[in-house]
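Have a look at the picture first, then work through the notes.

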Amino acid sequence: MPERILVTGGTGQLGSAVVDRLVTAGERVRALSRRRRRGAGADWVVGDLRTGRGLDTALAGCDVVLHCATDHRHEVDVMRTLVEAARWTGNPPHVVYVSITGVDRVPLGYYRAKLAAEELLADSGLPHTIQRATQFHSLVRAVLAGVSRLPVAPVPRWRFQPVDVRDVAVRLAELANAEPAGRVPDFAGPEVLTATELTLALLTASGRTRRVLPVRLPGGLYRAYAEGGNLAPGHADGVITFQEYLAQQKDPAALRYH
Ligand SMILES: NC(=O)c1ccc[n+]([C@@H]2O[C@H](COP(=O)([O-])OP(=O)(O)OC[C@H]3O[C@@H](n4cnc5c(N)ncnc54)[C@H](OP(=O)(O)O)[C@@H]3O)[C@@H](O)[C@H]2O)c1
């Protein structure tokens, strides 16, 4: 059992679900944010993973770091700062990094940075685990909310396997209590659905009707998704479906917006 777990990005979509999960399980949780925070049952520490400010205090006495923070423009710098700060502690913690299914297949700048951050951690000599996950329900909803505002919703012929952050949080809590394992199998949502099916579910849940038009687009990014680069075939790990996620939102009208 780890004595204390540090959650970076404790205010984020995933990180806040992870903090909830760990606190409910009775773990001693420290959470990092760039701003002063209180509550959620965690011991909050102010720190910045780009500058290194506050990381010595954040890491002191932690056996495990669940690294859920992300900085889209500086993902690798953030990992480098975390690795260096972790090396400076007398007893380097087990660092668990959350990455994304398909970072090595989908040609997006953010994905290339996630892959480079994975490699940096793997080569760091620190005890580590790398957990890739498929797209979160909230991200898929936000992307499809954008296209479904048009009178006819043009939807790429892609499939998604969205996963709920609460399910990913359960998995990360398990990894926090497990031995470092390097890269572990991807963690994926319970269903593979076409973007058209997901858009229709979103339209129904937000009380709208639109014609949905499946489209093909030019380019390598379209092709990588069309070939299923974002999917984890053979995995159905999470249990909360996209429909259940939509039904649980308090304000159906808010589902229309990014
Ligand atoms: N979204 C998806 O579909 C998806 C799928 C698979 C994996 N993932 C991965 O899951 C992880 C979490 O994603 P998310 O969507 O939950 O993120 P998010 O909601 O955007 O949260 C980002 C977090 O990072 C923290 N942060 C950003 N810059 C920081 C810095 N310089 N120093 C310290 N903290 C910093 C923010 O904390 P403060 O603002 O409080 O400082 C915030 O809590 C990411 O690594 C992402 O790549 C995401």
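Which residues in α5 meet which residues in α7? From α5 they are Val-140, Arg-141, Leu-144 and Ala-145, and from α7 they are Ala-195, Leu-198, Thr-199 and Leu-202. Keep in mind that this is a predicted model.

**How α5 and α7 cross**
- Helix α5 covers residues 137-147 and helix α7 covers residues 195-205, and their axes come within 10 Å and cross at roughly 85°.
- Angles of 65 to 115 degrees count as roughly perpendicular, so that's the label for α5 and α7.

- Helix α6 takes in residues 165-176, and its twelve residues should span 16 Å at 1.5 Å a residue.
- Buried here means under 20% relative accessible area, and nine of the twelve residues of α6 are buried, so the helix is largely enclosed by the rest of the structure.
- Those buried residues of α6 are Val-165, Asp-167, Val-168, Ala-169, Arg-171, Leu-172, Ala-173, Leu-175 and Ala-176.
- What do they pack against? Their partners are the helix α1 (13-24) plus β1 (5-8), β4 (64-67), β5 (94-100) and β6 (128-133).

**Helix α1 and its meeting with α6**
- Helix α1 also has twelve residues, and it reaches 17 Å from its first C-alpha to its last, close to the 16 Å expected at 1.5 Å a residue.
- In α1 you'll find Leu-14, Gly-15, Ala-17, Val-18, Val-19 and Leu-22 buried, and the buried residues of α1 pack against β1, β2 (29-33), β4, β5 and α6.
- The axes of α1 and α6 come within 8 Å and cross at roughly 55°, and the two helices are therefore oblique to each other.
- On the α1 side, the contact is made by Gln-13, Leu-14, Ala-17, Val-18, Arg-21 and Leu-22, while α6 brings Val-165, Arg-166, Val-168, Ala-169, Val-170, Leu-172 and Ala-173.
- As for handedness, α1 passes α6 in a right-handed crossing.
- After α1 comes Gly-26, with a positive phi near 85°.

**Helix α3 and its neighbour α4**
- Helix α3 (residues 75-88) has its axis 8 Å from that of helix α4 (residues 109-122), and they pack at an angle of about 20°. That makes α3 roughly parallel to α4.
- The contact involves Glu-75, Val-76, Met-79, Arg-80 and Val-83 of α3, which meet Tyr-110, Ala-113, Lys-114, Ala-116, Ala-117, Leu-120 and Leu-121 of α4.
- This one is a right-handed crossing too, as α3 passes α4.
- With 14 residues, α3 reaches 20 Å from its first C-alpha to its last, close to the 20 Å expected at 1.5 Å a residue.
- Buried residues of α3 include Val-78, Thr-81, Leu-82, Ala-85 and Ala-86, and the buried residues of α3 pack against α2 (55-59), β4, β5 and α4.

- Is Trp-88 buried or exposed? With a relative accessible area of 77%, Trp-88 is exposed.

- An unreviewed UniProt entry lists residues 9-135 as "domain: NAD(P)-binding".
- Over residues 9-135, the chain is 35% helix and 20% strand, with end C-alpha atoms 17 Å apart.

Key: Residues numbered from 1 in each chain as written. Predicted model: local features only at pLDDT ≥ 70, side-chain atom pairs only at ≥ 80, totals over all residues. Heavy atoms only, no water. Helix = DSSP H or I, 4+ residues; strand = E, 2+ residues; numbered from the N terminus. Expected span 1.5 Å × (residues − 1). Buried < 20%, exposed > 50% of the residue type's maximum accessible area, 1.4 Å probe, protein only. Contact = heavy atoms within 4.5 Å. UniProt positions renumbered as here; feature names shortened; annotations may be inferred. Axes fitted to C-alpha atoms, helices over the stretch in contact; angles between N-to-C directions. Parallel < 35°, antiparallel > 145°, perpendicular 65-115°, else oblique. Left-handed = near helix turned anticlockwise from the far one by under 90°.
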